[in-house]
Amino acid sequence: MNLRSGIGWLALFLLLWGSPAGSPAALQPDELDLSRIRYRKGLELIRLLYEKILSLDHHFSTMRTAQLVQTLSNPLSYELFRKYVSPEGTPPPPGMENPHLAAAFILAETPLAAKTDAARREKLLCLLDFALRVNSDLHLIYYETEYLIQANDRIRRECCELFEEYTRVIGYQKSLDQCRNDDDWEAVFLALETHIRSMRRRMEENTPANRRQLLRDHINLEFSVDRLLNFIGHYQVHIQQGDQYYQKFLLILDHNAPFASCLEDIPDAWNLLKLETAQSVESFCEAYEVPELKGSRLKDLLYGFSE
């Protein structure tokens, strides 16, 4: 719990128990107004963050990392080797999807000695060196990309759970996906205003029972916003982590660049993987750079100073 939320809970405790004879102190209209603004701004941020998370889901679904890594790791995916190993176009023996077995098969079958001129032999050896050299690093990219996909799915589910808990206090029943698909955000905001009007009616009646219920409702509103602040922290860590992973992938690809002697015979998958990785860096940067998490909306979420 951070300092601000700790102070907030202390204040609510004093409100509940600081009045004479243990009866709860009355909730003030300006306190309710601030809580309403904070809660509403929280709804807007949940909506925004969920769209960002879904855009990353879409980004991941269009990636072809597994296919590209498999192509680049296996020498038999390279056209020049296929021509030497299977000049008649016959398929290689079973088990050749394993890059190491494929490399051994190539060394046994490819004429790298007297029948091959020096330039061609150098090119074949260069390609074989590249395929074996990048194998482990490319599989690292593949597995860590899978980890990021799973992490994004977890943060999406966490956002959906947050929304259900967040809106339960105002009596809204639909899930986040249902709300989004039905474009039901107006109903969510209407549920908030209905809940606030109910609290104001209790405030006007000003009985001990109403004051106690008002403070419970007020705590629920404030606690919901604190939950959202905690989720924003998780979201930012997730985005920063993804950006760092893809920056590392770019360094791996740059470090494993093919030699000039066989560059023209490297499969197109190499350039596609580099392009996909660069686009991933851009996607994570765009997702992380959410002005609302740094500007006026975050200030309103924290302090509720403006509409």
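The model is predicted.

Q: How many helices and how many strands are in the protein chain?
A: From the N terminus on, the elements run α-α-α-α-α-α-α-α-α-α-α. The count for the protein chain is eleven helices and zero strands.

Q: What percentage of the residues of the protein chain count as buried?
A: Buried means under 20% relative accessible area. The protein chain has 307 residues. The part of them that counts as buried is 44%.

Q: What share of the contacts with a separation of 6 or more comes from residues 24 or more positions apart?
A: Contact means heavy atoms within 4.5 Å. In the protein chain, take the contacts with a separation of 6 or more. Residues 24 or more positions apart account for 80% of them.

Q: Which residues have the most contacts inside the largest nonpolar core?
A: Nonpolar side chains tend to be buried together in soluble globular proteins. The largest nonpolar core in this model has 70 residues. Those with the most contacts inside it are Leu-72 and Phe-231.

Q: Which element gives the most to this core?
A: Elements that give two or more residues to the core include α2 (29-61), α3 (65-73), α8 (185-205) and α10 (269-288). Also among them are α4 (79-85), α7 (176-181) and α9. The top giver supplies 16 residues, and that element is α6.

Q: Which residues does Leu-72 touch, not counting residues up to four places away in sequence?
A: Leu-72 is one of the residues with the most contacts inside the largest nonpolar core. In α6, Leu-72 of α3 belongs to a contact that includes Phe-130 and Leu-138. With residues up to four places away in sequence not counted, Leu-72 touches Tyr-78, Phe-130, Ala-131, Val-134, Leu-138, Ile-266, Pro-267, Ala-269, Trp-270 and Leu-273.

Q: Why are α6 and α9 described as roughly antiparallel to each other?
A: Two packed helices are described by the angle between their axes and the distance between the axes. Helix α6 (residues 118-168) and helix α9 (residues 208-255) have axes 10 Å apart, at an angle of about 165 degrees. Angles over 145 degrees count as roughly antiparallel. Therefore the relation of α6 and α9 is roughly antiparallel.

Q: How many nonpolar, polar and charged residues are in the contact of α6 with α9?
A: The crossing of α6 past α9 is left-handed. By class, the residues of this contact are 19 nonpolar, eight polar and seven charged.

Q: How many charged residues are in the contact of α9 with α10?
A: The axes of α9 and α10 come within 9 Å and cross at roughly 155 degrees. α9 and α10 are therefore roughly antiparallel to each other. Tyr-246 and Phe-249 are among the α9 residues that meet α10, where Trp-270 and Phe-284 are among the partners. The contact has 14 nonpolar residues, seven polar and, for charged, two.

Q: Is Phe-189 buried or exposed?
A: Phe-189 has its place in helix α8. Not counting residues up to four places away in sequence, Phe-189 touches Arg-40, Leu-43 and Glu-44. The cut-off for buried is under 20% relative accessible area. The relative accessible area of Phe-189 is 14%, so Phe-189 is buried.

Q: Is Asp-183 buried or exposed?
A: Asp-183 sits in the loop between α7 and α8. Its phi is near 50 degrees, a positive value in a residue other than glycine. Exposed means over 50% relative accessible area. At 56% relative accessibility, Asp-183 counts as exposed.

Q: Is Asp-184 buried or exposed?
A: Asp-184 is also placed in the loop between α7 and α8. Not counting residues up to four places away in sequence, Asp-184 touches Tyr-172, Lys-174 and Cys-179. The C-alpha atoms of Asp-184 and Lys-174 are separated by 9.0 Å. With 16% relative accessibility, Asp-184 counts as buried.

Technical notes. Residues are numbered from 1 along each chain as its sequence is written. Side-chain values use heavy atoms; hydrogens and water are left out. Axes are lines fitted to C-alpha atoms, for helices over the stretch in contact, and angles run from 0 to 180 degrees between N-to-C directions. Helices (H or I, at least four residues) and strands (E, at least two) are DSSP runs, numbered from the N terminus. Angles under 35 degrees count as roughly parallel, over 145 as roughly antiparallel, 65 to 115 as roughly perpendicular and the rest as oblique. A crossing is left-handed if the near helix is turned anticlockwise from the far one by less than a right angle, and right-handed if clockwise. Ala, Val, Leu, Ile, Met, Phe, Trp, Tyr, Cys and Pro count as nonpolar, Asp, Glu, Lys and Arg as charged, and the others, Gly among them, as polar. A nonpolar core is a set of buried Ala, Val, Leu, Ile, Met, Phe, Trp, Tyr and Cys residues joined through side-chain atoms within 4.5 Å. Buried means under 20% relative accessible area, exposed over 50%, partly exposed in between (1.4 Å probe, protein chains only).
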